[in-house]
Amino acid sequence: MYRSAGTAVPRSLPSGYTEALVRAVEGHEQGVAPDTLVICGAVVTPSLKGRGLAGQTLMSLRAAAKDAGWERVIAPVRPTAKARYPLTPIETYMRWTREDGAPLDPWIRTHRRLGATVVSAAPASQTMTGTVAEWERWTGLAFPETGDYVIPEGLTLLHVDRESDEGVYREPNVWMRHC
């Protein structure tokens, strides 16, 4: 939750998930009253999937924001099928649709079905860094030389720099506005 500089438009949005959290904490520390709910995650236990709980959760969060008198509900949405297309830029992927015109991505489609609109891409919503050894342990892959690598469930490529012993992964999301 943070106080925005107006309507949720690309120039006033945080860069993504991480910056939204930073703004919320800084705003709280400065005594700024929030006016925006940022949905940073909604997870349904795998055994309960397919029961509409994700949509119910999103609707409950929207109702809570309305009850609090907040003007906006936005979300840096992590597209669930994007990992199948890690070479495709998020700006391209977020525009893909099915034959019926609905978004190709199931999670973006769920948000849209509930009335949310796509606002903009968040190409570096979260940045994760680690040593080469850490990335090898986390992914189960070897990174023998400097370069870009496809990683399991990664939405984009991991960049490995052997000389600096660092791997950097910048995960893209899609900003969506609920109300």
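A salt bridge here is a side-chain nitrogen of Lys or Arg within 4 Å of a carboxyl oxygen of Asp or Glu. The views below come from a predicted model.

**View A. Asp 35, Glu 71 and Arg 72 join up in a salt-bridge network.** Zoom in on Asp 35 and Arg 72, whose side chains meet with N to O at 2.8 Å. This pair ties together distant parts of the chain, 37 residues apart: Asp 35 sits in the loop between H1 and strand S1 (36-38), and Arg 72 in strand S2. Both Asp 35 and Arg 72 are buried.

**View B. Arg 78 and Glu 171 form a salt bridge, with their closest N and O atoms 2.8 Å apart.** Here the partners are 93 residues apart, with Arg 78 in the loop between S2 and H3 and Glu 171 in strand S6 (residues 166-177). Arg 78 has a relative accessible area of 34%, so it counts as partly exposed, while Glu 171 is buried at 5%.

**View C. Glu 19 and Arg 23 pair up within helix H1 (residues 17-29).** They're four residues apart, about one turn of the helix, and the salt bridge spans 3.3 Å, N to O. Glu 19 is partly exposed at 29% relative accessibility, and Arg 23 is partly exposed at 24%.

**View D. Lys 82 is buried but has no salt bridge.** Glu 91, the nearest side chain of opposite charge, is 8.2 Å away. What Lys 82 does have is the backbone oxygen of Thr 88, 2.6 Å from a polar atom of its side chain. Lys 82 lies in the loop between strand S2 (72-77) and helix H3 (90-93). Its contacts beyond four places in sequence include Tyr 93, Asp 105 and Leu 155.

Definitions and conventions:
Residues numbered from 1 in each chain as written. Predicted model: local features only at pLDDT ≥ 70, side-chain atom pairs only at ≥ 80, totals over all residues. Heavy atoms only, no water. Helix = DSSP H or I, 4+ residues; strand = E, 2+ residues; numbered from the N terminus. Buried < 20%, exposed > 50% of the residue type's maximum accessible area, 1.4 Å probe, protein only. Lys, Arg positive; Asp, Glu negative; His and termini not counted. Polar contact = N/O pair within 3.5 Å; in protein donor to acceptor, adjacent residues only side chain to side chain. Contact = heavy atoms within 4.5 Å.
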